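Here is a short briefing on one protein model. Overall fold comes before local detail.

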Amino acid sequence: MDYFYFPSCNFTKDSPQAAQKIRAYLKERMPVAACCRVDKLEYPPESIALYFCQACRETLEARVPGKFTLQNLFAYLLEQPDFPWPDYSGLTATVQDCWRDRRHPEILTAVRAALAKMHVTVLEMAENREHTTFCGNLHLEPRLPENQALLAQHSGTPLHQLPQDVQARLMREQVSKLPCPLAVTYCNRCKQGILLGGGKAVHLLELATGTFPR
């Protein structure tokens, strides 16, 4: 089976050290594609494209439907006996599930399996797995009446285009739902949303590559 890897431009910009480490590991095993929006490489039939960015998946599904099979990177790494999972024994975190992955149970399971590999203790939040309502400044569903009213005042305006102080206020509600101080995300927007709300967040790939400063 032929594999190739689509790195995330946003993740590479936000976490260059982690991006470089996972690229080096995968480059020994498969071609690394360019940006999902412009890559023009030809791939053998029945190829498998590895991705971890939700935007990459959506772009590839729309741009080249049916050209190859998409597989989540974390699910792939769990199958590799030589992947050097770091040991975070003693670390407790909450998984901030991504709203865009709520219909992808294989990703929800792989994320938690990866954390178990790294000996991270997970405290689940109430709105987890398929019940999540959060994707940073792309999607959220506030429960506080004052925040519902705030969104109503800006009806018709995309969340990411709202004033920064309004976004921060909405993100603070999400941070308040976390049962422990550290959120593990596997979505770039989710991580930035938690940080904007004053929380502490780390991307799962930062943990997996050992680039998270404890």
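Contacts here are heavy atoms within 4.5 Å. Among contacts in the protein between residues at least 6 apart in sequence, 68% join residues at least 24 apart. This is a predicted model: local features need pLDDT of at least 70, side-chain atom pairs count only at pLDDT 80 or more, and totals for chains, interfaces and linings use all residues. Residues are numbered from 1 along each chain as its sequence is written, and side-chain values use heavy atoms, with hydrogens and water left out.

**Fold and dimensions**
- The protein has nine helices and seven strands (DSSP runs numbered from the N terminus: helices are H or I, at least four residues; strands are E, at least two).
- The C-alpha atoms fill a box of roughly 55 × 40 × 30 Å along the principal axes.

**Burial and surface**
- Of the 214 residues, 51% count as buried (under 20% relative accessible area; exposed is over 50%, partly exposed in between; 1.4 Å probe, protein chains only).
- The accessible surface is about 10300 Å², and 53% of that belongs to carbon and sulfur atoms (Shrake-Rupley method, 1.4 Å probe; for residues, only the protein chains shown count as cover).

**Charge**
- There are 24 positive and 22 negative side chains (Lys and Arg against Asp and Glu; His and the chain ends are not counted).
- The centres of the two sets lie 5 Å apart, with each charge placed at NZ of Lys, CZ of Arg, CG of Asp or CD of Glu.

**Asn72**
- Asn72 sits in strand β3, residues 69–72.
- Asn72 is buried, at 6% relative accessible area.
- Leaving out residues up to four places away in sequence, Asn72 touches Tyr51, Phe52 and Ile107.
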